[in-house]
Amino acid sequence: MRRPPLRVWVWTAVTLVVAAVAVLLWRTSDAAATSSTTASAVTVPDGTPAATVTQAWSSATGPAPRRVVEVGRVLVTDEHGLAMVDAASGAEAWHYRRSNARLCDATAVDGVVIAVFRTTSRCNEAVAFAAATGVRDWTRNVRYRTDVDLTSTDQVLLASSPTGIVTLDPTGNNTRWRYAAPTGCRLVGSDAGSTGVVVLQRCTGADTLQVSLFDAFGGNAVWSRDITTDGGTARLAGADRLVDVVVGDRVQVLSPADGSLLTELPLPALPAGQDPGSEPLQQAGVGDVALLWARGTVYALDQATGLQRWSVPAVGLPSAGEAGDTVTVPEDGAFVQRSLADGLEVGRSRTDDPLPVGGRTSVVGPVVVYATADEVLGYR
């Protein structure tokens, strides 16, 4: 038998090398590190929560999205990605995970789920998916800090950090505008809501904090005002319907039109030794009311006057997405349906399962979804 010509050996060696390189590249590629599935869209079942509900499922989550329910499904996150699960059963509908990247944060709005991943020293990749199906909508490169926080409201995605904010179109992926903290200043709070985008800013040497409202789409400054804290801690509670800032044991309720002080709302004193900077504060808008949850009570504040319409003890924030004139308030041992106008009880869904403190409530047909900082629970 004749030995193969030298060129055959050369081509064989080259082919083997190319194959080995291809395998190596595949194993280290984003494609090999990515696991993703899709699903059919879901129809939200008719009905309302029963008179007695029990915990049907729970799922750990983190970093916890502030907004978890979108198009009838529920968003949960983990270190490397996210999943949308069925509201009634908690069963996974679709997921997107990357073993070679870490999830910085995620949110849902306008029918899409947006996630920001870190593959370098910064959070550098933003990906959006159709919330109903998991089909990828858009991808873009970004340069966010590792402590970036995503907040969303209708047609606005806000990415914020202590050094500045960026707003994006959640369905079109384009950057709308940016705001960087001036030299010597630092953002201690920011939020996006129906009033616009609000930032709370502290500057070196200043005895006051500055609250500023920006137009959510154009980034134009609407108003700015200084708040005296007398050395205490100040925190931005929310920007839906009203702009609320907690200073010490009082809530300063600011007009969304010009930033003027509409009223001050007294709060119960914090327990001795509790850090004011760690207390949970949540706010959402429903109809013409701003719902503020702080220190174990939900307050319904009139959008026009800032005055309190009603208040009740609650373990978390009521539902904010229901049509009609009622909201569902998570209380001790029950989800209580109350009139938005005066807070009177109009229905009750009892539960023997103790509700965790500090959650946000959403109603999906006959299911109540209750999301805390590290867990999402479904009751039916």
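Cys104 and Cys123 form a disulfide, with their sulfur atoms 2.0 Å apart, where a disulfide is taken as a pair of cysteine sulfur atoms within 2.5 Å. The structure is a predicted model, in which local features need pLDDT of at least 70 and side-chain atom pairs count only at pLDDT 80 or more, while totals for chains, interfaces and linings use all residues. Residues are numbered from 1 along each chain as its sequence is written, and side-chain values use heavy atoms, with hydrogens and water left out.

The torsion about the S-S bond of Cys104 and Cys123 is about -100°, so this disulfide is left-handed. Both cysteines are buried (under 20% relative accessible area, with exposed over 50% and partly exposed in between; 1.4 Å probe, protein chains only), Cys104 at 12% and Cys123 at 0%. A disulfide also joins Cys185 to Cys203, at an S to S distance of 1.9 Å, and the torsion about its S-S bond is about 100°, so it is right-handed. Cys185 is buried, with a relative accessible area of 16%, whereas Cys203 counts as partly exposed at 23%. The count comes to two disulfides, and with the bonded cysteines numbered in sequence order the pairing is 1-2, 3-4.

The lining of the largest pocket comprises 37 residues, of which Arg66, Asp149, Thr151, Arg235 and Leu281 lie nearest the pocket centre. A pocket here is an open set of points on a 1 Å grid over the protein atoms alone, where a 1.4 Å probe fits, with protein on both sides within 12 Å along at least five of seven lines, and lining residues have an atom within 4 Å of a point.
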